[in-house]
Amino acid sequence: MTTIKINERTKTGKAFMAMVETFFKNVEGIEIVETDSKKIKKEENFYSPEFVAKIRKAEENIKKGETITLNPDDIWGSLGLK
(Lines give C-alpha, C1' and ligand atoms only; values in the text may rest on other atoms or scores of the structure.)
Protein backbone atom coordinates (compact mmCIF):
# COMPACT_ATOMS: atom_id res chain seq x y z
CA MET A 1 0.00 0.00 0.00
CA THR A 2 1.20 3.52 -0.81
CA THR A 3 0.01 6.72 0.84
CA ILE A 4 0.06 10.00 -1.06
CA LYS A 5 -0.60 13.25 0.80
CA ILE A 6 -2.24 15.94 -1.36
CA ASN A 7 -3.14 19.46 -0.27
CA GLU A 8 -6.57 19.86 -1.86
CA ARG A 9 -6.58 23.59 -1.15
CA THR A 10 -3.87 24.29 -3.74
CA LYS A 11 -4.48 24.64 -7.45
CA THR A 12 -2.26 21.64 -8.20
CA GLY A 13 -3.91 19.53 -5.52
CA LYS A 14 -7.39 20.32 -6.84
CA ALA A 15 -6.32 19.45 -10.38
CA PHE A 16 -4.75 16.19 -9.22
CA MET A 17 -7.85 15.16 -7.27
CA ALA A 18 -10.10 16.00 -10.22
CA MET A 19 -7.93 13.83 -12.49
CA VAL A 20 -7.90 10.95 -9.99
CA GLU A 21 -11.65 11.09 -9.50
CA THR A 22 -12.21 11.21 -13.27
CA PHE A 23 -9.87 8.45 -14.37
CA PHE A 24 -9.82 6.11 -11.40
CA LYS A 25 -13.36 6.21 -10.01
CA ASN A 26 -14.65 2.67 -9.34
CA VAL A 27 -11.33 1.11 -10.38
CA GLU A 28 -10.42 -2.02 -8.44
CA GLY A 29 -7.35 -1.55 -6.25
CA ILE A 30 -7.61 2.24 -5.89
CA GLU A 31 -9.54 3.78 -3.04
CA ILE A 32 -9.71 7.38 -1.82
CA VAL A 33 -9.93 6.96 1.93
CA GLU A 34 -10.29 10.54 3.16
CA THR A 35 -10.36 13.99 1.61
CA ASP A 36 -10.35 17.48 3.11
CA SER A 37 -13.32 18.48 0.96
CA LYS A 38 -15.42 15.75 2.58
CA LYS A 39 -14.35 16.94 6.04
CA ILE A 40 -15.36 20.52 5.20
CA LYS A 41 -18.79 19.40 4.02
CA LYS A 42 -19.35 17.53 7.29
CA GLU A 43 -18.37 20.62 9.32
CA GLU A 44 -20.42 22.99 7.18
CA ASN A 45 -22.72 23.93 10.10
CA PHE A 46 -19.84 24.91 12.37
CA TYR A 47 -21.13 28.46 12.99
CA SER A 48 -24.46 29.23 14.63
CA PRO A 49 -27.24 30.42 12.30
CA GLU A 50 -27.50 33.72 14.23
CA PHE A 51 -23.80 34.47 13.68
CA VAL A 52 -24.02 33.63 9.98
CA ALA A 53 -27.05 35.93 9.61
CA LYS A 54 -25.17 38.81 11.30
CA ILE A 55 -22.17 38.37 9.01
CA ARG A 56 -24.33 38.21 5.87
CA LYS A 57 -26.20 41.35 6.94
CA ALA A 58 -22.89 43.14 7.56
CA GLU A 59 -21.69 42.12 4.08
CA GLU A 60 -24.87 43.55 2.54
CA ASN A 61 -24.41 46.82 4.46
CA ILE A 62 -20.81 47.11 3.30
CA LYS A 63 -21.91 46.64 -0.32
CA LYS A 64 -24.47 49.44 0.18
CA GLY A 65 -21.76 51.69 1.63
CA GLU A 66 -23.26 51.66 5.11
CA THR A 67 -20.15 51.47 7.27
CA ILE A 68 -18.89 52.95 10.53
CA THR A 69 -15.60 54.85 10.70
CA LEU A 70 -13.76 54.33 13.95
CA ASN A 71 -11.49 56.87 15.58
CA PRO A 72 -8.46 54.86 16.78
CA ASP A 73 -7.97 57.32 19.65
CA ASP A 74 -11.58 56.89 20.88
CA ILE A 75 -12.99 53.56 19.69
CA TRP A 76 -15.71 53.32 22.36
CA GLY A 77 -16.86 56.86 21.59
CA SER A 78 -16.95 56.09 17.86
CA LEU A 79 -19.32 53.24 18.59
CA GLY A 80 -21.50 55.38 20.87
CA LEU A 81 -20.62 53.24 23.88
CA LYS A 82 -18.91 55.88 26.03
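Start by selecting Gly65, which sits just after helix α3 and takes a positive phi of about 90 degrees; helices here are DSSP runs of H or I of at least four residues, strands are runs of E of at least two, and both are numbered from the N terminus. This is a predicted model, in which local features need pLDDT of at least 70 and side-chain atom pairs count only at pLDDT 80 or more, while totals for chains, interfaces and linings use all residues. Residues are numbered from 1 along each chain as its sequence is written, and side-chain values use heavy atoms, with hydrogens and water left out.

Next, select residues 49–64, the 16 residues of α3, whose end C-alpha atoms are 23 Å apart, in agreement with the 22 Å they should span at 1.5 Å a residue; the expected span is 1.5 Å times one less than the number of residues. The number of buried residues in α3 is zero, so this helix lies largely in the open. Buried means under 20% relative accessible area, exposed over 50%, and partly exposed in between, with a 1.4 Å probe and protein chains only.

Of the 82 residues, 6% are buried, and the accessible surface comes to about 8300 Å², of which 55% belongs to carbon and sulfur atoms (Shrake-Rupley method with a 1.4 Å probe; for residues, only the protein chains shown count as cover).

Now select α1, residues 11–23, and colour Gly13, Met17 and Val20, which are buried. Seen down the axis of α1, the buried residues fall within an arc of 65 degrees, so they line one face of the helix; the arc is that of the directions from the helix axis to the C-beta atoms. On the other side of α1, Lys11, Thr12, Lys14, Thr22 and Phe23 are exposed.

Stay on α1 for Met19, which counts as partly exposed at 34% relative accessibility.

Finish at Lys82, in the segment after α4 (75–78), which is exposed with a relative accessible area of 79%. Not counting residues up to four places away in sequence, Lys82 touches Asp74, Trp76 and Gly77, where contact means heavy atoms within 4.5 Å.
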